[in-house]
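Have a look at the sequence and the 3D picture, then read on.

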Amino acid sequence: MPRATVCLSFDFDAVSPWVLGDELSPTQLSRGLFGARTGVPRILHLLEEYDVPATFFTPGHTLDSFPDRSREIVEAGHGVQHHGWSHTPPSAFDSRAAERADVERGIESIERVTGERPTGYRSPSWDLSEHTLDILQELGFDWDSSGMATDYTPYYLREGWAAPADDVYDPGTETDVLELPVSWKRDDYPAFAFRGGELWGFADPARVVENWAAEFDWMYDTVEGGVYTLTMHPQVSGRGQILPHVETLIEHMRSKPGVAFRRMDDVAREFRG
Ligand SMILES: [Zn+2]
């Protein structure tokens, strides 16, 4: 077992988030196109240069809209895992059936591009509905990457829990769906993406990536066998003011003995045993 594991993950949303709601405009759409046309090729080049594998959580909408670009990711040896078909936050579906249909459609899109059924899921919005875990189990998923109950240690999601306002928390029972935990502090979107309102995204890339490195160093020194997941988006970190700092981060992580960069499906498979 490596002393520390790094899971670089990219949510390859392309235009899918922009087509929901009332945000769609030619310019909003172009931000998603940047991810597909420019961000992903730059990221693939960087990953190849350092010979590190990554995991791309890719909505079916992206896979079906940009099949050639998606195949390049697969051919480079990276993992492609589930991120909804339509990038709809699970709680926004009208019904359990509608949520399940979207997940099933996403599975079909992944199978067309990779030839394999996805084993992992990451919720668009990092939130699960009351039905999501059940649906994931029905459809045979082994792992998820949307939760935050630990920081560097995979854990199993629980079902049947309850958190009433007027009684104690009931933890429910453990499922066999593994969680590879994420964090908003290890995500490029809140730091760098401009959405107006409360999300301006003008954080200093050097400082933010230094924080990512400092957190990695703490895990490396403190948590035996820790798994460090980092979430980025091609339309955000594929840009010229951020990607050089990501390169510096990869160099820093690689410089330490006992650090393994791995695909998340491989990490989940090994952890589940
Ligand atoms: Zn996304």
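Is Ala14 buried or exposed? With a relative accessibility of 2%, Ala14 counts as buried, because the cut-off for that word is under 20%. Keep in mind that this is a predicted model.

**The loop between E1 and H1**

Ala14 sits in the loop between strand E1 and helix H1. Its backbone does something worth a look: Ala14 has a positive phi of about 45°, even though it is not a glycine.

Phe12 is found in the loop between E1 and H1 too. At 0% relative accessibility, Phe12 counts as buried. What does Phe12 touch, leaving out residues up to four places away in sequence? The list includes Gly35, Ala36 and Val40, along with Phe56, Phe57 and Thr58, and also Arg69, Ser70, Ile73 and Pro234. Pro244 is another story: Phe12 and Pro244 are 232 residues apart in sequence and 19 Å apart in space, going from C-alpha to C-alpha.

Then there's Leu20, again in the loop between E1 and H1. Leu20 is partly exposed, with a relative accessible area of 29%. If you skip residues up to four places away in sequence, Leu20 touches Ser86, His87, Thr88 and Pro89. Leu20 and Asp134 are 114 residues apart in sequence, and their C-alpha atoms are 25 Å apart in space.

His87 is in the loop between E3 and helix H4 (96-114). Like Ala14, His87 is not a glycine, yet His87 has a positive phi, of about 60°.

Here are the accessibility values side by side:

| Residue | Relative accessible area | State |
|---|---|---|
| Phe12 | 0% | buried |
| Ala14 | 2% | buried |
| Leu20 | 29% | partly exposed |

**Helices and their neighbours**

Next, look at helix H1 (residues 26-50) and helix H3 (residues 67-75). Their axes come within 11 Å and cross at roughly 10°. That makes H1 roughly parallel to H3. Where they meet, H1 brings Ala36, Arg37, Val40, Pro41 and Leu44, and H3 brings Arg69, Glu72 and Ile73.

Helix H10 (residues 264-272) has Met264, Asp265, Val267 and Ala268 buried. Looking down the axis of H10, you'd see these buried residues within an arc of 160°, so they line one face of the helix. An α-helix has 3.6 residues a turn, so residues three or four places apart point the same way. What do the buried residues of H10 pack against? Their partners are strands, among them E1 (4-11), E3 (79-82) and E8 (226-232). After H10 comes Gly273, which has a positive phi near 70°.

Key:
Residues numbered from 1 in each chain as written. Predicted model: local features only at pLDDT ≥ 70, side-chain atom pairs only at ≥ 80, totals over all residues. Heavy atoms only, no water. Buried < 20%, exposed > 50% of the residue type's maximum accessible area, 1.4 Å probe, protein only. Helix = DSSP H or I, 4+ residues; strand = E, 2+ residues; numbered from the N terminus. Arc of directions from axis to C-beta. Contact = heavy atoms within 4.5 Å. Axes fitted to C-alpha atoms, helices over the stretch in contact; angles between N-to-C directions. Parallel < 35°, antiparallel > 145°, perpendicular 65-115°, else oblique.
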